[in-house]
Amino acid sequence: MAIQWFPGHMYTTQKAITERVKDIDVVIELLDARLPGSSANPMLAELTAGRPTLKVLNKQDLADPARTALWLAHYNALPATRAIALDASLTTPAQAIVRACHELSPNRGGMAKPMRVLICGIPNVGKSTLINTLTGSRKAKTGDEAGITKLEQRITLADDFYLWDTPGMLWPRIVVPKSGYNLAASGAVGRNAFDEEEVALELLNYLKTHYAAGITERFKLAEFDAGAIAAMKDEEVLDAIGRKRGALLGKGRVNLQKAAEIVMHEFRAGNLGRVTLETPEEFAQWLAEGLRADAERAAKKAARGKKRKPAAESAEGEGPRPD
């Protein structure tokens, strides 16, 4: 299943960013530290026209710290890019954003040349929580649901520091299938855009390989150790979780939909331990495979178009046939 979600307000956001970035000094892209590659918008580099970029790996308290270090090194190696990790609800780390922006654009500051910053990110990544932390007030709506912020808003952090908040935005076409699943699992995609059972199975497939102990401990699956969980089929793990949590239908059958909802809720809440669903190397491989598959689809489509075109031209060139 290919997961895609690009409602109308995201197209509006795309146009707003294109216009706003003309007067912006630094772009902040807020990423989910549990899926730093999948939550990075590939369309943003084009939209922001090469402006200095600060990558903020948010929700670091939910992510695997060793993998967070790998991602910070990956992004800090990119030109005109800084990367920091933080929990948006903590005041002191959040102030690091202001310092990083001045490092990326050292010639801005003061009333004559105020710092102008644009903050972007996927839905439900924590932008509004971060803004409320920075300002010390509830200037932005928050919620554990994709698409809370719908309109651009300007926020003054200091007399010489202006921040423009934009609604969460994905991109029109997700070419990396694994990214689609990870985004859905994190809550960045609207619920009507994916099948929860399928996403939960993909999530369990990764967790049982890399974080099996978290599954056994959280769901109290004492009869299975981490090795046994890793060897089980994804469907068997989901079934065991459903039975343990009482998600049952008649005749002892498991309500897989309910079990899937439980798995995703526990992941989003961080109850399965500190988890990161991808490394830089894994994501690079997924991206290469996705681009290759996308190029093959485009080539096949072009070939079908060429076959149809001569046939249509031949039909148009025929004159009226005699009776």
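Through how many residues does a hairpin join strand 5 to strand 6? The hairpin runs through two residues. The legends below describe a predicted model, in which local features need pLDDT of at least 70, side-chain atom pairs count only at pLDDT 80 or more, and totals for chains, interfaces and linings use all residues. Residues are numbered from 1 along each chain as its sequence is written, and side-chain values use heavy atoms, with hydrogens and water left out.

**Figure 1. Overview of the protein chain.** The secondary structure comes to 12 helices and six strands; helices (H or I, at least four residues) and strands (E, at least two) are DSSP runs, numbered from the N terminus. Of the 323 residues, 48% are buried, where buried means under 20% relative accessible area, exposed over 50% and partly exposed in between (1.4 Å probe, protein chains only). Among contacts with a separation of 6 or more, 70% are made by residues 24 or more positions apart; contact means heavy atoms within 4.5 Å.

**Figure 2. The pairing of strand 5 with strand 6.** Strand 5 (residues 153–158) and strand 6 (residues 161–165) pair in the antiparallel sense over five bridges; two strands pair if DSSP finds at least two bridges between them. Within this pairing, I155 stands opposite L163 in strand 6.

**Figure 3. Aromatic rings.** The structure holds three aromatic pairs. The ring centres of Y162 and W164 are 6.4 Å apart and the planes stand at 85°, so this pair is edge-to-face. Rings of Phe, Tyr and Trp (its six-membered ring) pair if their centres lie within 6.5 Å; planes under 30 degrees apart count as stacked, over 60 as edge-to-face and the rest as tilted. Y162 is buried, at 18% relative accessible area, and W164 is buried, at 9%. R154 lies over the face of Y162, at 4.0 Å from the ring centre; a charge sits over a ring if NZ of Lys or CZ of Arg is within 6 Å of the ring centre and within 35 degrees of the ring normal. W71, Y75 and F283 form one aromatic cluster.

Figure 4. E282 lies in helix 12 (residues 280–317). E282 is buried yet has no salt bridge, and R67, the nearest side chain of opposite charge, is 4.1 Å away. A salt bridge is a side-chain nitrogen of Lys or Arg within 4 Å of a carboxyl oxygen of Asp or Glu; Lys and Arg count as positive and Asp and Glu as negative, while His and the chain ends are not counted. Leaving aside neighbours within four places in sequence, E282 is in contact with R67, Y206, H210 and L277.

**Figure 5. Helix 5 and its cover.** Helix 5 (residues 127–135) is mostly covered, with seven of its nine residues buried. These buried residues are K127, S128, L130, I131, N132, T133 and L134. What covers them includes strand 1 (26–32), helix 4 (91–104), strand 5 and strand 6. Just after helix 5, G136 takes a positive phi of about 70°.

**Figure 6. Two loop residues with positive phi.** A80 is found in the loop between helix 3 (65–76) and strand 3. Phi of A80 is near 50°, a positive value in a residue other than glycine, and A80 is partly exposed, at 49% relative accessible area. N124, in the loop between strand 4 and helix 5, has a positive phi of about 65° although it is not a glycine. N124 counts as buried, at 16% relative accessibility.
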